Amino acid sequence: MAMEDDDRPRKKVTHEIGQDLSMLSVEELTERVALLKTEIGRLEEAAAKKRASRDAANSFFKT
């Protein structure tokens with residue numbers, strides 16, 4: 001039976017802010033923490049790029 005379980009596609013890990021966490025296992029919580037840390041990094045990178053673009057535009061138009 002374990003072989004059959006390995007053939008099934010894994011459900012994509014998602015997280016909803018404010019979601020009830022009481023029914024999640026330690027492994028599921030750990031997966032979600034990793035998912036959210038990756039997303040935070042992606043958001044910080046996007047914000048840094050936008051900030052750099054804004055600063056470049058501000059610098060150009062101030063001179």
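A residue counts as buried under 20% relative accessible area, as exposed over 50%, and as partly exposed in between, with a 1.4 Å probe and protein chains only. By that scale phenylalanine 60 is exposed, with a relative accessible area of 60%. This is a predicted model, in which local features need pLDDT of at least 70 and side-chain atom pairs count only at pLDDT 80 or more, while totals for chains, interfaces and linings use all residues. Residues are numbered from 1 along each chain as its sequence is written, and side-chain values use heavy atoms, with hydrogens and water left out.

**Aromatic pair**

- A search of the whole structure finds one aromatic pair, and phenylalanine 60 and phenylalanine 61 form this edge-to-face pair, with 5.1 Å from centre to centre and 85 degrees between the planes.
- Rings of Phe, Tyr and Trp (its six-membered ring) pair if their centres lie within 6.5 Å, and planes under 30 degrees apart count as stacked, over 60 as edge-to-face and the rest as tilted.
- Phenylalanine 61 is exposed, with a relative accessible area of 67%.

**Salt bridges**

- Three salt bridges are found in a search of the whole structure, each defined by a side-chain nitrogen of Lys or Arg within 4 Å of a carboxyl oxygen of Asp or Glu.
- Arginine 42 and glutamate 39 meet through their side chains at 2.7 Å, N to O, and because they are three residues apart in helix H2, they are separated by about one helical turn.
- Arginine 42 counts as exposed at 53% relative accessibility, whereas glutamate 39 counts as partly exposed at 29%.
- Lysine 49 and glutamate 45 form another salt bridge at 3.4 Å, N to O, and being four residues apart in helix H2, they too are separated by about one helical turn.
- Aspartate 55 forms a salt bridge with arginine 54, the closest N and O atoms being 3.7 Å apart; aspartate 55 is partly exposed, with a relative accessible area of 41%, and arginine 54 is partly exposed at 48%.

**Helix H2 and valine 33**

- Valine 33 is found in helix H2, which covers residues 26–62; helices (H or I, at least four residues) and strands (E, at least two) are DSSP runs, numbered from the N terminus.
- Valine 33 is partly exposed, with a relative accessible area of 43%.
- The C-alpha atoms of valine 33 and histidine 15 are separated by 9.3 Å, although these residues are 18 residues apart along the chain.
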